[in-house]
Amino acid sequence: MSNTKYVKVLAPGTVANLVCGFDVLGMCINEPNDVMEVTMLDTKEIIIKSADGYPLPLDPAMNTAGAPLIEMINEVGGNVGFEVIIHKKIKPGSGIGSSAASAAGATVAANHLLGNRFSKEDMVRFAMFGEKVASGVKHADNVAPCIYGGITLIRGIHPLDIVSIPSPDLFVTVVHPQIEVKTSDARQILRKEVKLKDAIKQWGNIAGLVAGFIQNDLPLISRSLEDVIIEPVRSILIPGFDDVKRLCKEAGALGGGISGSGPSIFMLSETEATANAVNEVMKDVYNKIGLDYNTYVTTINKTGVKIVDA
Ligand code: HSE
């Protein structure tokens, strides 16, 4: 019999920015996933627990899963609360949407226990409070694809305007070199002003990438995976970045770049064989540098946070 007070969800990783779309494009992937267990309480409180001893902030207001739920229970009113047990599989500071997975996973699970009273857009609105805790800024390019699945365009956040973009059946290879890059630091180093000629290139690429996804035009996707504004600044934080990018493209990848704010790097490929070859290239680069890493060969997750036990 299903338990109306308990739910377990898989909260997937996400690749924000998709190279050219800083803060406006994001993609959900099938690996890695956080596992979250959420129980509804009849007291107005949020309890956060780390399942495996991973040192997460346990004060709900400081926790990326807790902050959205505080907003949610305030909006619901009455004596409702949640206990959240987090199995943290997506490392904070990896660039694969760790904070978003916690925020979106908790929000979707709690909404399920509340009888799905909130829309997907409402859930993104709540989950963005988790991103604020993590990086100081309410960006939606990880939480929106995590909740909607697939590829999302965040046309605006004031008010929220989220557009689901059709996702082609591509393979995704991700390498996570084992260094931590805090999103707040990776935002701090960005220039506050952009040259008009760079802006023109960038919005041409964003429009080209979206059109490429809609038309399933792989050469157009490939040409549009270019970032002339953010990548030149952030890539200096990632050892081996230029080699990974060049060699993966030589191995047949359509293209790719920094995943979110890094240090992970992602590549899109048309076939699984190419995605596996790209994986070998990534491993080779970091073996030569002598830096530990994890890699994932995965696909685009078209459903977002998934309920696995209720
Ligand atoms: N758009 C955000 C950034 C994503 O690049 O700072 C962080 O994961």
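The centres of domain 1 and domain 2, taken over C-alpha atoms, are 24 Å apart in this predicted model. Domain 1 covers 6-165 + 301-309 and domain 2 covers 171-299, with bounds that come from an automatic or database domain assignment. Residues are numbered from 1 along each chain as its sequence is written, and side-chain values use heavy atoms, with hydrogens and water left out. Local features need pLDDT of at least 70 and side-chain atom pairs count only at pLDDT 80 or more, while totals for chains, interfaces and linings use all residues.

**Interface between the domains**

- Contact (heavy atoms within 4.5 Å) links 30 residues of domain 1 with 38 residues of domain 2.
- The two domains bury about 2,500 Å² between them, and 67% of that area is on carbon and sulfur atoms; buried area here is the accessible area (1.4 Å probe) that two parts lose on being put together, summed over both.
- Of the area that domain 1 buries against domain 2, 26% is supplied by Val 19, Cys 20 and Phe 22, more than any other three residues.

- One salt bridge is found across the interface of domain 1 and domain 2, a salt bridge being a side-chain nitrogen of Lys or Arg within 4 Å of a carboxyl oxygen of Asp or Glu.
- Arg 187 forms a salt bridge with Asp 23, and their closest N and O atoms are 2.7 Å apart.

**Aromatic pairs**

- The structure has two aromatic pairs, counted for rings of Phe, Tyr and Trp (its six-membered ring) with centres within 6.5 Å; planes under 30 degrees apart are stacked, over 60 edge-to-face and the rest tilted.
- Phe 118 and Phe 126 pair edge-to-face, at 4.9 Å centre to centre and 80 degrees between the planes.
- Both Phe 118 and Phe 126 are buried (under 20% relative accessible area, with exposed over 50% and partly exposed in between; 1.4 Å probe, protein chains only).
- The pair of Tyr 286 and Tyr 293 is tilted, because the ring centres are 6.4 Å apart and the planes stand at 40 degrees.
- Tyr 286 counts as buried at 0% relative accessibility, whereas Tyr 293 counts as partly exposed at 22%.

**Charges over rings**

- Lys 138 lies over the face of Phe 129, 3.8 Å from the ring centre, by a rule that asks for NZ of Lys or CZ of Arg within 6 Å of the ring centre and within 35 degrees of the ring normal.
- Lys 120 lies over the face of Tyr 148, at 5.6 Å from the ring centre.
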